[in-house]
Amino acid sequence: MRPQPPRLSGRRAVIAALVGAAVVGVLVAIQFLAPHLFQASLPNRLQDGLTLSLSVLFESLPFVILGVLLSIVVQVWLPDGLIERILPRRGWARRAVLSLLGMLIPVCECGNVPFARGLMMRGLGPAEALTFLIAAPIVNPIVILTTQAAFGWDGGILIARIVGGYLVANLIGWVYSRHPAPEKMLTERFRLTCDVVVHEAGSPTRRSLAQFLVELRAVMPALIVGSALAGAVQVIVPRDVLLAIGSNPLLSVVAMIALAISVAICSNVDAFFALSFASTFSPGAIVAFLLVGPLVDVKMMALLRTTFTVRTLAGIVGIVILFGFALGIGVNVLV
């Protein structure tokens, strides 16, 4: 008998409902304890939160589907051993090449998760998949073009974003390549899904359809939860508080990192969003926003959680935030 991936339990649905109730409770508490922090009324903020959540969901959905399709191509249609023959044998060289693979795949961070899952199902290690996963949303050709269109060459923002994304991806890849038990980095559900894919029988078309359903079942709940969190955070955190500290070289970097994690904007268009803060925040803060957002915003963390354990995810988030902070401070010192 083939192993089957575990089904979502009713316990998870209860937890999700409790999280939603907690968000509403926080909004109500803030409304009564500190109503002066927000200009809009509570019903309007709830409506704004729903609108923002839906906008993040619909913005991400096409890229997720494209990523699932690319994942199926890798899993089902590529000849066996092709990836291994193309990539260098040495670990650092393999990761260096994989971190540039995003230049050939114009998919935002949402679509990269199912694609990286497909790479691991074909035998790539978690550290190698992570190197691609972290670099791809930034070395993506569409992201490079939109960042250049928004900022040009001013302040070194474009160069800092590209170089920073490449370096942090290889740093994370190197750190996790030293993990003594790489399989422990992955969730049990994903490991069982890999077993199902390996033992899947039938024609390539049948296997493609089956894998399409498997990947959508794995990714879509996380995408919905992540989109809802992104919308909720944006109506809970007062935007004026973030803007008030924008002129401080140190606090502005912290504020833009917090904003990047909360707003969950697609990396293909986040440069134009960041451009609206360019007159208020320092160049280093803008760079930190453009680096951290595509890698560990709330939506991306929910998607990564479908594959990686909480401990692994916490390590990734910590490295990205610390690297983004250091890069932002460095840009402010040099500019």
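**Entry 1: Ser-262**

I looked up Ser-262 and placed it in helix 12 (residues 251-263). Helices here are DSSP runs of H or I with at least four residues, strands are runs of E with at least two, and both are numbered from the N terminus. The model is predicted, so I note that local features need pLDDT of at least 70 and side-chain atom pairs count only at pLDDT 80 or more, while totals for chains, interfaces and linings use all residues. Residues are numbered from 1 along each chain as its sequence is written, and side-chain values use heavy atoms, with hydrogens and water left out.

Ser-262 has a relative accessibility of 8% and counts as buried. I apply the terms as follows: buried is under 20% relative accessible area, exposed is over 50%, and partly exposed is in between, with a 1.4 Å probe and protein chains only. I then traced the side chain of Ser-262 to the backbone oxygen of Leu-259, at 3.0 Å. This falls under polar contacts, defined as pairs of N or O atoms within 3.5 Å; within protein, one atom must be able to donate a hydrogen and the other to accept it, and residues adjacent in sequence count only if both atoms are side-chain atoms.

I also looked up Ala-260, which is found in helix 12. Ala-260 is buried at 2% relative accessible area. Its C-alpha atom is separated by 9.7 Å from that of Ile-286, 26 residues apart along the chain.

**Entry 2: salt bridges**

How many salt bridges does a search of the whole structure find? The search finds two. The criterion is a side-chain nitrogen of Lys or Arg within 4 Å of a carboxyl oxygen of Asp or Glu. Side chains of opposite charge can pair when their charged atoms come close.

Arg-94 is buried, at 12% relative accessible area. Glu-128 is buried as well, at 15% relative accessibility.

I recorded another salt bridge between the side chains of Arg-161 and Asp-270, at 2.7 Å, N to O. Since Arg-161 lies in helix 8 (residues 157-177) and Asp-270 in helix 13 (residues 270-275), the pair ties together parts that are 109 residues apart in sequence. For Arg-161 I noted a buried state with 1% relative accessible area. Asp-270 is likewise buried, at 2%.

**Entry 3: helix 6**

I checked the span of helix 6, which has 14 residues. From its first C-alpha to its last it reaches 20 Å, close to the 20 Å expected at 1.5 Å a residue. The expected span is 1.5 Å times one less than the number of residues. Is helix 6 mostly covered or mostly open, and how many of its residues are buried? Helix 6 is mostly covered, with 14 of its 14 residues buried.

**Entry 4: aromatic pairs**

I searched the whole structure for aromatic pairs and found two. One of them joins the rings of Phe-273 and Phe-289, whose centres are 5.7 Å apart and whose planes stand at 25°, so the pair is stacked. The pair links distant parts of the chain, with Phe-273 in helix 13 and Phe-289 in helix 14 (residues 283-296), 16 residues apart. Rings of Phe, Tyr and Trp (its six-membered ring) pair if their centres lie within 6.5 Å; planes under 30 degrees apart count as stacked, over 60 as edge-to-face and the rest as tilted. Phe-273 is partly exposed at 22% relative accessibility, whereas Phe-289 is buried at 2% relative accessible area.

I continued in helix 14 with Gly-293. Gly-293 counts as buried at 7% relative accessibility. Gly-293 and Val-320 are 27 residues apart in sequence and 9.7 Å apart in space, C-alpha to C-alpha.

**Entry 5: helix 8**

I looked up Ala-160 in helix 8. Ala-160 is buried, with 12% relative accessible area. Between the C-alpha atoms of Ala-160 and Gly-328 the separation is 8.9 Å, and these residues are 168 residues apart along the chain.

Leu-167 is also placed in helix 8. I noted Leu-167 as partly exposed, with 46% relative accessible area.
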